[in-house]
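Trainee: Could you take me slowly through the inner part of this protein? I would like to follow one connected account of how its side chains are packed.

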Amino acid sequence: MSGHPDEGARPLPAFVPWLALVAGAGLLLLLNTEWAVLPGWLMGALFLFFSRRQRPAVGFVGLLVINTVAAGVTNLGVFPGSAASAFGMALGGALVVAALYLADRLVVGPRGSFAGTLFLPAATTALEYFSSLGNPFGTWGVLAYTQARVPVLVQLVSVTGLWGLTFLLVWFATVANWAFEHRETGRRVLPGVAVFVGVLVAILGFGALRLAGAGSVGEPVRVAGITVAGELATGREAGVSRLMKGEVFADEDWRAFAEASRAVNEELLRLSEREAANGAKLLLWSEGNAVVLAGELEALIARGSTLARERGVWLGMSVASFTPEAERMLRNELILVGPDGAVAWRYVKSRPVPGWEADHSIPGSPEPAVSQAPGVGVLGGAICFDGDFPAVFASAAERGLELLLLPSSDWEGISPLHTRQAVFRAVEQGFSMVRQVNQGLSVAVDGYGRVYGELDHFTARERVLRAELPVGRVPTLYARIGDSVGLLSGLVALGWGLLASVRGLVARRRSAVRAVVAAP
C-alpha cells in the first residue's frame with residue numbers, strides 16, 4: 001500500500017471525509033425501511049472514503065462512534081425493549097464494522113491496486129456468513145437484504161445465496177474509492193472500472209433473463225391466509241403482551257386469557273369455513289393466532305380436522321399452546337391437517353426469537369416438516385423467525401419442497417422488512433411460499449419471488465390473504481452448492497490477511513537488518 005489517498009491529485013478539504021461519515025450514518029438510518037436500496041450501495045462507499053483518509057486509530061473510533069449512534073437510533077424503532085439494549089446491540093455491530101474498515105486500512109490502504117478492491121468485499125461477506133452461523137438473530141442485518149425491492153438483483157441469490165449480493169455491494173464501495181484515489185491517472189482507471197461494470201451488467205442481465213424466461217412454476221392452487229385481529233383479539237393480545245413483559249399469571253389470569261383466546265379461535269374456524277366454501281384448497285393461520293391451554297389443544301385440532309375433512313381442504317393450524325405450571329410453558333406449533341381429517345405433520349418452531357420466547361419455548365423440531373399433499377404438491381412448514389436462517393431449508397429442498405407454509409407474527413417496526421427477507425428463502429431454494437403474518441405484511445410468492453398476493457395488516461380491514469399461487473420447484477444452483485460463496489470469501493480474506501502479516505514481518509525484519517548493517 002502507498003501513502004496519502006490523494007497523492008498526485010488536488011487534496012480535499014479536511015472536513016470532507018467527516019461529512020462523508022455523517023452522510024453514511026444518515027443512510028444507515030434507512031437500512032430497515034423500504035428506501036434501503038440506495039443506502040445499501042452508497043453507505044459503504046462513504047464510510048470507506050472516510051476511513052481511507054484518516055489515521056487507522058482515528059478512522060476506527062470515528063466509525064465506531066457514528067455507527068453506534070445511528071444503529072442505536074434505528075434499533076429503538078425496530079426492536080422492543082430498553083434504550084440500553086438497543087444501543088448495546090448497536091455497539092456490538094459497530095465494533096464489527098469499524099474492525100472491517102480498519103482491516104482494509106491496514107491490509108490494503110489508500111491507493112492500493114485494483115486487486116485490493118476485493119479484500120473488503122471478501123472480508124465483509126465472510127464475516128456476515130460466519131456470524132450468521134452462530135448469531136441468535138441469524139441473517140438479520142445482512143447487507144444483501146437492502147436490495148429486496150430490486151427483483152433482478154434478488155435473482156442472484158438463486159446462485160450465490162445472500163453472500164454474492166453482499167460481495168457485490170461492498171465491491172462497488174471499494175471500486176468507487178479506488179477510482180477516485182487514482183483519479184489523477186485519468187483513463188488508466190477505466191479498465192478496472194470496466195471490469196466491475198461488466199460484472200454488474202452480467203448480474204443484472206442474468207436476473208432480467210431469468211425473470212423474463214420464467215413461466216409458471218406449477219399448477220395454481222387457491223390459498224387463503226387468515227389472521228384474526230381488531231377488537232375481537234384485544235383480550236388475547238393483552239394477555240400475550242403481559243406474559244412477554246414477565247408478569248406472573250394467577251389461576252384467574254390464565255382462565256381470563258384462555259376465555260379471550262377462545263373468541264379468536266372460533267373466528268379462525270369460521271373464516272376458514274368461509275374461505276373453504278369460496279374455493280380455497282389450502283388455508284393457513286398466522287403464527288400463534290390461535291391460543292389454547294395445553295389441555296384444550298387436542299380439542300381444537302379435532303375441530304380443525306372435522307373442517308378439513310368436510311370441506312376437502314388442507315388446513316395449516318398455527319397454534320400457541322401454554323402449560324402454565326411448566327417453566328418452558330410455550331409450544332409454538334404448526335399443524336397440517338389433510339382433506340381426510342388426519343394430521344399430516346406437526347412442526348414446533350425451531351428458532352424462537354431471543355428473549356422471552358426463547359426462554360419459555362419447548363425445544364423445536366430438528367428440521368422443517370415436509371410431506372406430499374395430493375392436490376397441492378409437496379408441502380413444508382416452518383414458523384416466522386426460522387425464515388431468517390437459510391440453512392434451515394436445505395434439507396427441505398432436498399426432499400422436494402414445493403410450497404413452504406411460513407406463518408408469522410411481526411410488529412410494525414420490522415414490517416414489511418421481515419417479510420421481504422423471507423422471500424429470499426423462496427428464491428434461494430426455488431419453492432413457492434405463503435407467509436401469513438399477524439401485525440405485518442402477508443405474501444404469497446413463487447420460486448422467483450414473484451408476488452401473487454399481498455396483504456398489509458395495518459391497512460387492511462379484513463386480514464385474509466387470497467391468491468392463486470402456482471406450486472412447484474424452480475431449479476437453483478444455490479440448492480446444490482449452498483453457502484460455498486460465503487465459505488470461499490472467508491478463505492480468501494483469511495489468506496489475504498495472513499499474507500499481508502507475513503509480508504509486514506518480512507519488511508520489518510529487512511528494515512532491522514539494514515539498520516544494523518548501516519550502523520557504525
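Mentor: Let us start with the largest nonpolar core, which has 92 residues, and in which Leu 168, Leu 379, Leu 403, Leu 404, Leu 405, Met 433 and Val 434 touch the most other members. A nonpolar core here is a set of buried Ala, Val, Leu, Ile, Met, Phe, Trp, Tyr and Cys residues joined through side-chain atoms within 4.5 Å, and buried means a relative accessible area under 20%, with exposed over 50% and partly exposed in between, using a 1.4 Å probe on protein chains only. The biggest contribution to this core, 8 residues, comes from helix H8 (residues 162–181); helices (H or I, at least four residues) and strands (E, at least two) are DSSP runs numbered from the N terminus.

Please keep in mind that this is a predicted model, in which local features need pLDDT of at least 70 and side-chain atom pairs count only at pLDDT 80 or more, while totals for chains, interfaces and linings use all residues. Residues are numbered from 1 along each chain as its sequence is written, and side-chain values use heavy atoms, with hydrogens and water left out.

Now look at Val 434, leaving aside residues up to four places away in sequence: Val 434 touches Val 223, Leu 284, Leu 403, Leu 404, Leu 405, Leu 406, Val 443, Ala 444, Leu 465 and Leu 469, where contact means heavy atoms within 4.5 Å. Apart from the core of 92 residues lies another core, of 26 residues, with Val 264, Ala 290, Leu 307 and Val 319 among them. In soluble globular proteins, nonpolar side chains tend to be buried together.

A cavity is a set of points, on a 1 Å grid over the protein atoms alone, where a 1.4 Å probe fits but cannot get out, and its lining residues have an atom within 4 Å of a point. The largest cavity holds about 70 Å³ of space, a volume being the space filled by probe spheres set on grid points, which are joined across faces, edges and corners. Its lining is made by Leu 31, Thr 33, Glu 34, Ala 36, Tyr 145, Thr 146, Ala 148, Arg 149, Leu 417 and Arg 420, and these residues divide into 5 nonpolar, 2 polar and 3 charged. In that division Ala, Val, Leu, Ile, Met, Phe, Trp, Tyr, Cys and Pro count as nonpolar, Asp, Glu, Lys and Arg as charged, and the others, Gly among them, as polar.

Arg 420 is buried at a relative accessible area of 13%, whereas Glu 454 is partly exposed at 44%.

The structure holds 28 salt bridges, including one of 2.9 Å (N to O) between Glu 333 and Arg 331. There Glu 333 is buried, at 0% relative accessible area, while Arg 331 is partly exposed, at 29%.

Key
Salt bridge = Lys/Arg side-chain N within 4 Å of Asp/Glu carboxyl O. 1 Å grid on protein atoms, 1.4 Å probe; cavity = no way out; pocket = protein on both sides within 12 Å on 5 of 7 lines; lining within 4 Å.
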